[in-house]
Amino acid sequence: MTSPLSPAGAPAPAFPRLALALLATAQLIIALDSTIIFVALHEMGAQLHINAQQLQWIVSGYTVAFGGCLLLGGRAADLLGRRRIYRLGMALFALASLIGGFSNSAWLLIAARAVQGIGAALLFPATLALINTLYAEGAPRNRALAIWSMASAGGLALGTLLGGVLTQSFGWASVLLVIVPFAGGCALLGGWWLPRDPAPLAGRSFDLAGCVTVTLGGSLLVTTLVQGPEWGWLAPRTLICLVISAVMLAAFVQIERRSRDPLMQFSLLRLRSLRAAMLLTMLFMSSYGVQYYFLALYYQDGYGWSALQAGLAFLPPTLVCTFGIRIAERMLARRSPRQVLTVGMLAGAVGIAAVAVALPYGATYWALLPGIVVLSLGQGITWTAMWIVAGQGVPAAQQGVASGMAATAQQIGGALGLALLVMLANAGRGSAGASSDAALQGMIHAQYGAALFALLGVGVALWLRSQEDDATLQPACATER
């Protein structure tokens with residue numbers, strides 16, 4: 001059964017609005033979980049006697065597992081069924097959040113966060129693949145992606161605010177336990193509101209060797225990028241980890257070339273739209289994605305604001321970002337993704353640079369507001385458009401892996417971009433304290449670096465061509481498994 005909302009051959013959801021609500025909730029939970037933890041870190045460290053390095057891994061454990069398992073999640077969604085993997089990802093999220101909330105040691109908490117990351121790596125490509133296969137390309141899909149994007153923006157804002165309120169009222173465990181009923185409920189409702197998975201294609205294999213090498217290699221690469229600033233980029237363990245990850249990823253490429261049913265179709269990389277989307281997701285995270293890190297630090301170390309005040313400061317940009325998502329939906333009805341992305345990334349470059357100029361004078365927040373409004377509009381416009389580009393011209397059977405490829409690039413871009421900008425921020429700091437003039441000036445330099453990444457994104461957007469050009473390559477992708 002198909003409907004006007006669904007691409008030809010794809011099962012139509014019996015409850016399209018309820019199905020979209022589940023898909024949007026998945027993105028809200030992923031975004032919420034990435035920010036709700038920040039405000040609770042101080043209390044976690046005090047109550048569980050966690051040192052600074054372990055505290056960092058409460059954040060990094062999620063990032064590493066998420067970034068390293070995305071291709072695995074995309075393959076599982078394509079091979080085992082998107083609804084099935086959606087429900088499994090939600091169940092893992094609920095279970096890990098429950099265990100994390102009752103943790104009494106640092107390592108159990110870090111392990112729970114890592115399992116949350118695996119759940120997110122299953123959810124993200126499955127959710128995006130469901131949107132790209134259940135809703136027809138054009139206005140229906142753009143509308144679905146806009147709602148999905150708004151849920152993401154809402155999760156980021158809700159995370160900073162809810163994290164402060166819950167931690168202050170109920171303790172650090174509440175920031176994990178609050179996720180349990182939502183994730184558990186979605187896992188159950190997915191069995192009713194999402195369409196049944198089609199029968200698996202005959203002759204498909206899971207490509208275990210490819211899964212192992214890319215998951216281990218990708219996880220080690222993200223780990224090294226996260227830890228690089230602390231270990232030192234030329235430290236022996238950094239270099240060893242980089243070499244091992246490079247060997248594993250090179251082995252993955254060789255395995256895929258010889259496999260009868262590879263995990264990743266290298267023919268997908270012939271699609272300029274997917275290549276551009278992967279570059280854009282990297283640059284998006286290296287520009288827009290680092291704002292929470294540097295601005296949260298500057299608000300507290302430079303202005304002396306509390307963690308809750310810093311969290312509240314992110315509410316206005318999130319509301320503006322949501323408005324930017326609505327603007328993107330309307331622009332995409334009249335303009336090409338190439339034009340929309342150019343506007344979005346250019347707004348990011350201008351807005352981030354304006355914030356950098358205003359930071360020394362922004363203790364009252366008003367000086368920062370013009371730049372924050374511009375960059376937040378650009379963030380909303382770019383987020384929706386780049387995921388539309390990631391799905392263009394990709395055969396339905398490979399939407400999960402393609403989404404995983406773009407999301408993996410996003411996570412690597414976030415880790416690498418943050419590592420480079422932290423290195424830039426600390427270049428002239430020496431042994432000065434976090435609130436010293438040198439440290440604060442370093443964070444301003446990092447903001448200018450983020451603006452430069454956004455400007456590079458403008459170049460990538462201009463490199464895009466029309467969807468019709470890429471469509472000529474689709475048959476080649478569709479005939480290869």
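Guide: A residue is called buried under 20% relative accessible area, exposed over 50%, and partly exposed in between, with a 1.4 Å probe and protein chains only. L98 has 38% relative accessibility and therefore counts as partly exposed. This is a predicted model, in which local features need pLDDT of at least 70 and side-chain atom pairs count only at pLDDT 80 or more, whereas totals for chains, interfaces and linings use all residues. Residues are numbered from 1 along each chain as its sequence is written, and side-chain values use heavy atoms, with hydrogens and water left out.

Visitor: Where does L98 lie?

Guide: Helices are DSSP runs (H or I, at least four residues), numbered from the N terminus. L98 belongs to helix α4, residues 82–101. Its C-alpha atom is 9.6 Å from that of P181, although 83 residues separate L98 and P181 along the chain.

Visitor: How many salt bridges does a search of the whole structure find?

Guide: A salt bridge places a side-chain nitrogen of Lys or Arg within 4 Å of a carboxyl oxygen of Asp or Glu. The search finds five. In one of them, R113 pairs with D33, with 2.9 Å between the closest N and O atoms. R113 lies in helix α5 (residues 106–134) and D33 in helix α1 (residues 16–35), so the pair ties together parts 80 residues apart in sequence. Both R113 and D33 are buried.

Visitor: Which residue meets E329 in a salt bridge?

Guide: The partner is R143, at 3.0 Å from N to O. Because E329 is in helix α14 (residues 315–332) and R143 in helix α6 (residues 139–170), the contact ties together parts that are 186 residues apart in sequence. Salt bridges with shared partners join R143, R326 and E329 into one network. E329 is buried at 18% relative accessible area, while R143 is partly exposed at 36%.

Visitor: How are the axes of α17 and α18 arranged, oblique or parallel?

Guide: Axes are lines fitted to C-alpha atoms, for helices over the stretch in contact, and angles run from 0 to 180 degrees between N-to-C directions. Angles under 35 degrees count as roughly parallel, over 145 as roughly antiparallel, 65 to 115 as roughly perpendicular, and the rest as oblique. The axes of α17 (residues 399–426) and α18 come within 7 Å and cross at roughly 140 degrees; α17 and α18 are therefore oblique to each other.

Technical notes. Helices (H or I, at least four residues) and strands (E, at least two) are DSSP runs, numbered from the N terminus.
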